[in-house]
Amino acid sequence: MTQPVFAYILYENGVADDTALELLTAAAKLNPDASISAIVAGSGAGLDAVCNAIAASYAEVWKIDNEALAYVNAEVLRGMLVRILPQGCIVLAAHDHFGMDLAAGLSNKLDAAYLPDAVDFEGIENGKLKAVREEYGGQVSTHVLCDISKGAVITVRPGSFAPDESKSAGGQVLDKTADAMEGGLPGGARRFLEVVAAEVGDVDITKSEILVSVGRGIEDEDNLEIVSDLAEAMGADVSCSRPIVDAKWLEKARQVGTSGQTVKPKVYMALGISGSFQHIGGIKGSPFIVAINKNSRAPIFQIADVGIVDDILDFVPELTDKINEIKG
Amino acid sequence: MEILVCVKRVPDTSENEIEINKDGSDIERDDLVYSVNEWDNYAVEEAIQIRDNVGGSVTVVSVGDEDAEEVVRREMAMGADKGILLSDNAFEGSDGRGIANILKAEVEKGKYDLVLTGAQADDGAGQVGGMLAAMLDWPYASLVNSLEVVDDKTIKVGREIAGGNLEMNEIDLPCVLSIQTGINEPRYVGIRGIRKVASIDIPVHGAGDLGITPESVGESGAKVKRIDYFTPELGEGAEILEGSTDEIIEKLIELLKAKGGIK
Amino acid sequence: METVLISPAKATIVGIPTVIFSLLIPLVGVGVFAYIIAMRLKPLVLAAPDQRFDHFTQRLLNMLKYAIGQYRHLRYTDAGVIHIFLFAGFMILSLRSITLVLLGISEGYVLPGMGGPVGVAYGILKDFAGTWILAACVAAMVRRGVLKPERYAVPPKYGKDHTWEAMLVLLLITGLVTCDMVFEGSQAAAQIQKGLKTELLVPGTGTWFATHILSASPLDRLQNLHLGAYFSHEMIFFFFLCFLPFGKHFHVITSLPNVFFLKLNRGTVKPVQWGVADDQLDDLESFGVKTFEDFTWKHMLDFYSCVDCGRCSDNCPANAAGRPLSPRFISVKCRNYSFAKYPLYGQPVNGRPLIGNVLEEDEIWSCTTCGACEEECPVLIEYIDKIVDVRRGMVDDGRVPQSLQKPLGALEKRGNPYGKTAKKRADWIKDLPEDCNIKILEKEETADVLYFVDSITSYDDRIQEIGRATARILLTAAIDFGILGPAEKDSGHEVKRFGEEMLFQELRDHNTDEIIKSGVQSIVTADPHAFNALKNDYQGLPPVEHVSQMIARAIKGGKIRLKEVEDNGVTYTYHDPCYLGRHNGLYDIPRDVIDAIPNLKRVEMSKCKDRSFCCGGGGLMLFYEPEEEIRMGNLRVKMAEQAGADVIVTACPFCLVNIEDAIKTSGLEGKMEAMDLVELIERHMVHDTGYKIQDA
């Protein structure tokens, strides 16, 4: 019998996570013959609507509705999933702040294999899944074989699979709350308190149409001027990658990435940004990406539309001058 | 508070282009230098700060061959009280679960209130902490970016989540946490510090000492195995603009105008 | 000589002989003074050792030059002139003061040898001295009170203004000389009234004026003035003496020994602990300066000797750039702390760590060790050694900024701060023309001269040009040379100066072995930091030269011929690298080399030679991210602009990086250019010898 595949879809702030439909593609790539179900956990009025919406894509949606999940706590959810998941199944989740909290321990509780942060699947042979992972910040890729014969928990890197937008499943929503709660509420040793919002900066880059984003290649705080000059010339806002925030050169609110802001601009200029997946994970929609980096092997060139191999410290001021010249 | 910090020796990749060897079986290691995994270093600093504030001791443990002793020693020079090396031929080829299994055995030998790991490693994917917690049946929190000891039974941790927000949790001890960079500013360890701890004996525990059956770890116990390395395909990526700087700028401005990139 | 007025040795006041006061005041004054000094010496006894008792003659000569000769004072003309007059006056009046004390005990006392014409001559001299001291005091008060030179200001973060103290002391000095004038003048006036002989009265002196003013006063008033002036003088004199050790005027006492004990070997850094050999360093409990007593006694004496004149900070580039460092206040803060910790009565107060209480981390990391402060200090206070010592303490405690931890880690693991692999260290020679064959001194290969390249020239894309230009110059000058290539590691110059002594020693030992093994006869380098390291920090190496010295010789010997300046519409200026100029005294040679290019027009910046303004610092300083208002390099470029220069020539890779950066960020790109001396020479070299020498 083919192992069923379950995709855990994060329901947060009243909406399903962007990866919901990516996981569907991933599941189909993993095993086209398997039955694919979604699991959505949460509480409150919006949950049903989200489950129904997901049912358009997934043949089956398992809903867990409990007020203890109003803010989903991986410790609680893990205990519930162990109760309801069939033995030997495959669980997919996004490799994000929640997946990283949930998955490793879940694999253990299910006595299943754990394959973290997969970016592609290349078929199953003799109960072993061949998958692709990245190491050393994306500088090299590896093939791994994962023994999924007794089940597996797999986290998938956000953005690695194109979302399946077909919405042709016409699926049904099954309420699994009662099964999940059998034996009481699990995971009481970790209690959610609150979310402390990051300090809001003077600009909301999530609403910017054009972003001039700067990374480690700027080398020095004083050089940031050339970036703001270009942004001014283009009518853009300035954003950045994590190292710039870590160095305290720009405020956290300007950071693009999985641990920063998710942005949806029309045009994204990546200046001296190598392009780690955590950074790229913060760029949504399909902006026109221009990458300028002196390292021709920087991963950013793989996702950019246009690349320029040059030192930003030399190139950017010239570009700014030219734009200003044209604008008069 | 008795704290155990799990550290890993990894190639220092910050300034180096990693290259793959000829047959794709490994990365080119000849010119590599190794150091402690950056995230683990933050975890050790955090442990030392907790100890300095509330008392107790910090033990650093690493699974690896004899070379891993170097990073254990470095973290001891940083201020950890004790170091343990978990080393055995049977451990070679362990996957994340195997490593967690080995660590679990060591944790059970002691009386720890808190086990810290780094959130991830350059050559890993942040799995050991979560597995270890599950094996021990201890609560777990990943991506911890702030930590405050409430009393001897609970601590308050902040997890770094999307948007740079901090998810605050209260968590009972004993527990396992994986530490995110930026939680503190790790102190410097100089040559002198390392020399000071050069002669301290670092016990080595093997499978026998830990009561681990060799089949449960190492190559044989691994469910996930790396088969090869390869360079990610280029080509489908960016159209690289060529020519003189002026030509490139001209082309780029045309493209930007077309895409609405110049207001 | 018959005298009209009764002397203080013979007089009585309400029946009490005044000689009692003449005895009592000095006794009490000297006693209290001795006690205060003993208390002030307490921390010096507990301090770390220092080796300052060698080279007696040299030290004596230094004392004559800097202390007695006031050698550095005229670097600031106004204050310098005033100080020299005050100082000279004080020296002259010291004899008079002793005489005065004794005059109160024994009437008409004359110091041995002062009876004849010598005494008369001295009398004239001291009358003049007293007068010019009075004038100098007035001038100083006007400066302090009215003109208020900027460098005396005390920013709020460093504490309170010290003007009152300066004013009080000036008033005390004024009082001293005035009292003496009245004492003598009243006597002379009385003598004249009685038609008796007086001491020689020199017209125009204060005593002469006093005599004239008092000439019509009745005798009893003159008698009162005579005694009053005498005892006022005594009181002021001993009060002043005891007041000195309470503040900046301690220098009156300490600066002589401080100059005597001055640091003789410039360019070096003191050992971690005097008397502890390198191989015993591992046994030390603690490294560097963490508490006040970790300073050496000489460094404490430095604190006591600071006059708070502000010349150091006035020349400190870090201070000018708005970094949280002002060397003057390192001394002032430490002195205040010392006084507070070692009170005049009672037990010393429990000590606190210096960092966080007296000094701040950023303050200590802000120093580029350029040496401008030390070059300026009239009493030769040392700052670099102290700063390095405090850094050693911070490194030992792990308190190193994150921005510096990475390059330090890379230096430890790979021998360069950039984390590049050793095998790429000689890659810069690949871009040389094919006929430039550079030897790599390994295995059997040897050469006469080693070109020590160092990390930045080996790895930095732009700076590699300096390496290539140097190589071409050496080839043209037909010098048989080679490089260590991958076997070379960073010289460790800044590693040492950033307080990581043990890492420095590892680098030093490695390089020393490699250099000795290479069998070269001498070493040349184009990097002043490497030059200083090899010359002053390393030991037992063949002689080391900076490339400018070698070029100068080659030009003189006709081995390098230079053509007419490329563009004679361009004005050049030369920026002195700190470790070439101030630390090693090479000011003229690089200038001679530049001037050897026919028709080259060169101007000097206002701050040049030993007052050169640091461009921002080299080595690890490039990685440090200081708080500052403006970059030093930008200030330097502005100075070049003001001097009317189009091209800044320097002779240091780090200067080039900083200045090129500053030209860009000052918006002067295209208007101003920076280049290294070797690049300038290489451009103007007549190539006719070819590069074949290496194949021979």
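User: Where in chain B is confidence lowest, and where is it highest?

Analyst: Start with the general idea. Where pLDDT is low, the predicted coordinates should not be read in detail. Now the case here. Chain B averages a pLDDT of 91, and 97% of its residues score at least 70. Confidence in chain B is lowest in strand β13 (residues 239-240), at a mean of 85. It is highest in strand β1 (residues 2-7) of chain B, at 98.

User: How many helices and strands are there in chain B?

Analyst: Chain B has eight helices and 13 strands. Its C-alpha atoms fill a box of roughly 65 × 45 × 40 Å along the principal axes. Of its 263 residues, 51% count as buried. Take the contacts in chain B between residues at least 6 apart in sequence: 70% of them join residues at least 24 apart.

User: Which strands pair between chain A and chain B, parallel or antiparallel?

Analyst: Strands of a sheet pair through backbone hydrogen bonds, either parallel or antiparallel. In this model, strand β13 (residues 190-196) of chain A runs antiparallel to β9(B), joined by six bridges. For one pair, find Phe192(A): its bridge partner in β9(B) is Asn169(B).

User: Which elements of chain C give two or more residues to the side that touches chain B?

Analyst: This contact takes 24 residues from chain C and 16 residues from chain B. The chain C elements are α15 (384-396), α16 (402-414) and α20 (501-518). Of these, α16(C) gives the most, with eight residues. The chain C side holds eight nonpolar, six polar and ten charged residues.

User: What span should α20(C) have?

Analyst: At 1.5 Å a residue, the 18 residues of α20(C) should span 26 Å. The end C-alpha atoms are 25 Å apart, which agrees. Buried residues of α20(C) include Phe504(C), Leu507(C) and Ile515(C). Just after the helix, Gly519(C) takes a positive phi of about 75°.

User: What is the strand order in the open sheet of five strands in chain C?

Analyst: The order is β3-β5-β4-β6-β7, with parallel pairing. The edge strands are β3 (439-440) and β7 (544-546) of chain C, and each pairs on one side only. Inside the sheet, two bridges join β4 (residues 449-452) to β5 (residues 481-483) of chain C. Leu450(C) has Gly482(C) as its bridge partner in β5(C).

User: Which strands does β8(C) pair with?

Analyst: β8 (residues 571-574) of chain C runs parallel to β9 (residues 601-603) of chain C, over three bridges. There, Thr571(C) stands opposite Lys601(C). From β8(C) the chain crosses through helix α23 (residues 588-595) of chain C to β9(C), a right-handed β-α-β crossover. β8(C) also pairs in the parallel sense with β10 (residues 647-650) of chain C, over three bridges. In that pairing, Thr573(C) stands opposite Ile648(C).

Conventions
Residues are numbered from 1 along each chain as its sequence is written. Chains are lettered from A and ligands numbered from 1 in the order in which they are written. This is a predicted model: local features need pLDDT of at least 70, side-chain atom pairs count only at pLDDT 80 or more; totals for chains, interfaces and linings use all residues. Two residues are in contact if their C-beta atoms, placed from the backbone, lie within 7 Å. Helices (H or I, at least four residues) and strands (E, at least two) are DSSP runs, numbered from the N terminus. Ala, Val, Leu, Ile, Met, Phe, Trp, Tyr, Cys and Pro count as nonpolar, Asp, Glu, Lys and Arg as charged, and the others, Gly among them, as polar. Two strands pair if DSSP finds at least two bridges between them. A crossover is right-handed if, with the strands pointing away from the viewer, the path from the first strand over the helix to the second runs clockwise. The expected span of a helix is 1.5 Å times one less than its number of residues. A residue is buried if 20 or more other C-beta atoms lie within 10 Å of its own, exposed if 12 or fewer, and partly exposed in between; C-beta atoms are placed from the backbone. pLDDT is the predictor's confidence in each residue, from 0 to 100.
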